[in-house]
Every structure is written in C-alpha cells, then in structure tokens.
Amino acid sequence: MTYPQTASLDSTVSFLEKLAANLPAAGTDLRADNELRKRLLSVTQKLIPELETPAEACLRFLYNTLELPAARIAVDLNIFNLLKESPTPLSTEELAKLSGKNPDTKLLSRILRYLASLSFVREVDTGVWAASHFGNNLSGEGQSAGVANMVDNCAIAMVTLPDFLRRHDYKAPEDKSDTAFAQGNRVTPEEPTFFDWLKTRPENARNFNVFMTSHRMDVKTWLDRPELIKEITDAFKKVTAGKEGGEEKGVSFVDIGGGIGHQCKAFKKRVPDLKGKIVLEDLEEVVANAELEEGIEKIGVDFLKGQPALHRIISGAFCEVRLTSSSSSSTEDWSDKYARPILGYVRDAMDKDSLLLIDELVVPDRGARRYETQLDLAMLAMLNAEGRTEEHWKRLLAEVGFEVKDMVFYEEEAREAIIIAKKVAN
C-alpha cells in the first residue's frame, strides 16, 4: 500500500488541528452530515491505538477505569446539567453551591480538572468551567441514569469477571444465580440474580429502568419496517381463516416478557385497524403496573413454567419473545439452558401458521464490532447470558422445533433484528 508523503501527512494533521481548534462550529457542521461524521469518527478511533507508544497506551488504557466513576460523581453533583443550562461559564464555587451537595471546593476542583482533561467539561479560565459536547451527551435524566446504572449496578460484576472465570476454569456456567455479579456483590440466597437484587434496591432499579427506556428513544424499531407488519397481518388472516369467531375473536399479537406494555401499545398504534386481541405477558407483579388501553389484555405469567392454557391464544399471528432484557420488568437475559424451555412452551402454544418473532441483538458470525461485543460480555458478567450469533440463533431455534424464516435488521448499526421463525411441521 502506498502512503502519502510526509508533507501530505503534515498538511492532513494541520487540517485536523484547525478542525479541533474550532470544535463548536466544526462539530455542528459535521453532525449535519451524518455519513461524513461517522466516517471521521471511525477513522480517528482506528488511528489512536495504532499511533500510541506503549507508554502512551498504558497511560490511557490502565487509568480509564477512573473515567466512569468520575462521570458518576459529576452526575451526583449535577455538573453536566448545571453547565448545559447555564448561559455563562460557572466557577468552581458556583458549581459547588448550585449542586446542593456542598462539596469541598478544593476537592471539586480536582474532579473538574480531571473531567476537563477528558472533555467532559471545558476549562475556559482558571477555576471556571463550561459545558462540552461530550458532557451534554451525558446530561438529561436518561443519560444520567445510564451512568449511575453502569457504576452502581454493573461495574462490580465487570471487574469481578476475570476472577469469576478463573474460578470456573474459563468455562461459562449457565446457571442464572452463579454469576460474576453474584460473586462481586456477595448476594444473599434471597436475591441470587441481578433482577432479584434490584427488587430490594428501588433507586438502582429506577436508574436501570430509566436508562433502558430512554436509550431506545429516537431509535428505529421493528415497527418501522412495513414488511414485518405485512408478515403479521398475513399470518393473522391465515391463522383465523375458517375458525369460529374469525378475526374478531383471534389474537393478533402476544408480547411475552413485555414489561408494562410499551410494545403492545406501539403495535396497536401502528396497526389500529387490525382486528383481534393484543396480549401482554409478564410476571404478575410487573403487569400489575401496566396501564393499558382497550383491546390490550394483560396476563401474569412466569414463562419458565409454561404458557397459559388459554394460549391456544397464540393461535394468534404474532408472538414476540425477548431473551435479553429491555427492562427489569421485561424478560431477563437467558442462557440456552433457560431459553430452550421458554421457547418450547411457546412452540407448543402456537398455531401451525403462527409466527414467532424474536426482537434481539444478532452478533455477526465474523467481524463483530465494539457495540455488540461489549454488550455480549456485559451480559456474561451480569447474567451468564450472551449475544448470540446468527449461526447460534439458527441452531438454538432448530433444537426446539423452529425453523428461521428470515432475519430482518431494522437497526443495522446496532445489529438489532427481528428473527422470524415458524414451527417445524411434525
């Protein structure tokens, strides 16, 4: 490969330096062209580890464990929101007063200097601070809850993972209670899993739920894909054809592990004229909090123990199962050991023409990126679960009597897909 001459490289670096020196305007221009923005982001991220010396790599990598805790302190003191909302920069003393926590100003200055070195905030003068684009990205209820969730709920599990895997001879157990999370947090027998643990910690649960809900906002969903809506409506007509009551008495949508019904309500809004009942399933204590509109029924179900007898109900056209969590009130993340019976109960309740749609992360068999791989290891640390590859999904579903009809990626960058499966004929 031919590389640019030194003079050309020098001019490229000079251009990037000018770009960085005028970040507010340059950032606005770049964000206006999303494809260009993503190209620049990708190439700069690839360059950093290739350009660093061993010493530089160590200084950056070995101390990045401090970055998330520092952001957590900033969230606790409301630093990001205070700076974002202020029309002028704020001094350390002003931030201390506005935070409502009365922190020592010398200590706060040390924290702010570190935050500024990471571009969480901008240092505009000695002891004077302003908002940064990075910090603004972490402001707001959902983002702040995400920082708190990662530090308060997940961090111990992640740093415990090496010892946990050594203890298990580098064989990932499938038991839902023997996890790095359980080991690191020294959980009691009464709260063996992450979600059991959350039940007695309302603030931790709130941060988890707020983050899991908010980080999905303004993101594409499977309901944006017309071909999936057509799959459902066509299957519904086929399932109900010739049956007593027809479409009026049929079931068009069953959301298994659907939390408090966000997907059910979104589906009804997307296809308001589709006949048939919509059914929400989750644990009894979860669906008790679901506020649903007419036409949506809620049923308390522990899907590890089966499907209700009336779920020839899933003679409905569409059954959605999520095997990784979208909220603490949704399904937990399940390893294959638990996924097999969950899927088996669903299969037995389905009509021969029903569709199983699984809304999930699908890791590529090759060339997986940071987003899906870090989520995969996070699920390992927290729940002994995993982000399954395409091949793994096909194998798992085949083991329990399904065949994969299609995988529709509605959010390609995040590898989020609807896996469409049908029962294998006996």
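A search of the whole structure finds zero disulfides, a disulfide being a pair of cysteine sulfur atoms within 2.5 Å. This is a predicted model, in which local features need pLDDT of at least 70 and side-chain atom pairs count only at pLDDT 80 or more, while totals for chains, interfaces and linings use all residues. Residues are numbered from 1 along each chain as its sequence is written, and side-chain values use heavy atoms, with hydrogens and water left out.

- In soluble globular proteins, nonpolar side chains tend to be buried together.
- Once its neighbours within four places in sequence are left aside, Phe402 is in contact (heavy atoms within 4.5 Å) with Leu343, Arg347, Met350, Leu356, Leu397, Ala421, Lys422, Lys423 and Val424.
- Arg388 lies over the face of Trp393, at 4.9 Å from the ring centre; a charge sits over a ring if NZ of Lys or CZ of Arg is within 6 Å of the ring centre and within 35 degrees of the ring normal.

**Aromatic pairs**

- The structure holds eleven aromatic pairs, counted where rings of Phe, Tyr and Trp (its six-membered ring) have centres within 6.5 Å, with planes under 30 degrees apart taken as stacked, over 60 as edge-to-face and the rest as tilted.
- Phe120 and Phe134 form a stacked pair, 4.6 Å centre to centre with 20° between the planes.
- This pair links distant parts of the chain, 14 residues apart, with Phe120 in the loop between helix H8 (105-117) and strand E2 (121-125) and Phe134 in helix H9 (residues 133-137).
- Phe120 is buried at a relative accessible area of 4%, whereas Phe134 is partly exposed at 36%; buried means under 20% relative accessible area, exposed over 50% and partly exposed in between (1.4 Å probe, protein chains only).
- Phe181, Phe194, Phe195, Trp197 and Phe208 are linked into a cluster by ring pairs.

**Helix H13**

- Helix H13 (residues 202-214) has 13 residues and reaches 18 Å from its first C-alpha to its last, close to the 18 Å expected at 1.5 Å a residue, the expected span being 1.5 Å times one less than the number of residues.
- Asn204, Ala205, Asn207, Phe208, Val210 and Met212 are buried in H13, and what covers the buried residues of this helix includes helix H10 (141-167) and helix H12 (194-199).

**Loops and backbone**

- Most residues other than glycine have a negative phi, and most peptide bonds are trans.
- Tyr170, although not a glycine, has a positive phi of about 55°; Tyr170 lies in the loop between H10 and helix H11 (180-185) and is exposed at 59% relative accessibility.
- Arg186 likewise has a positive phi, near 50°, and is found in the loop between H11 and H12, where Arg186 counts as exposed at 75% relative accessibility.

Note on methods
Helices (H or I, at least four residues) and strands (E, at least two) are DSSP runs, numbered from the N terminus.
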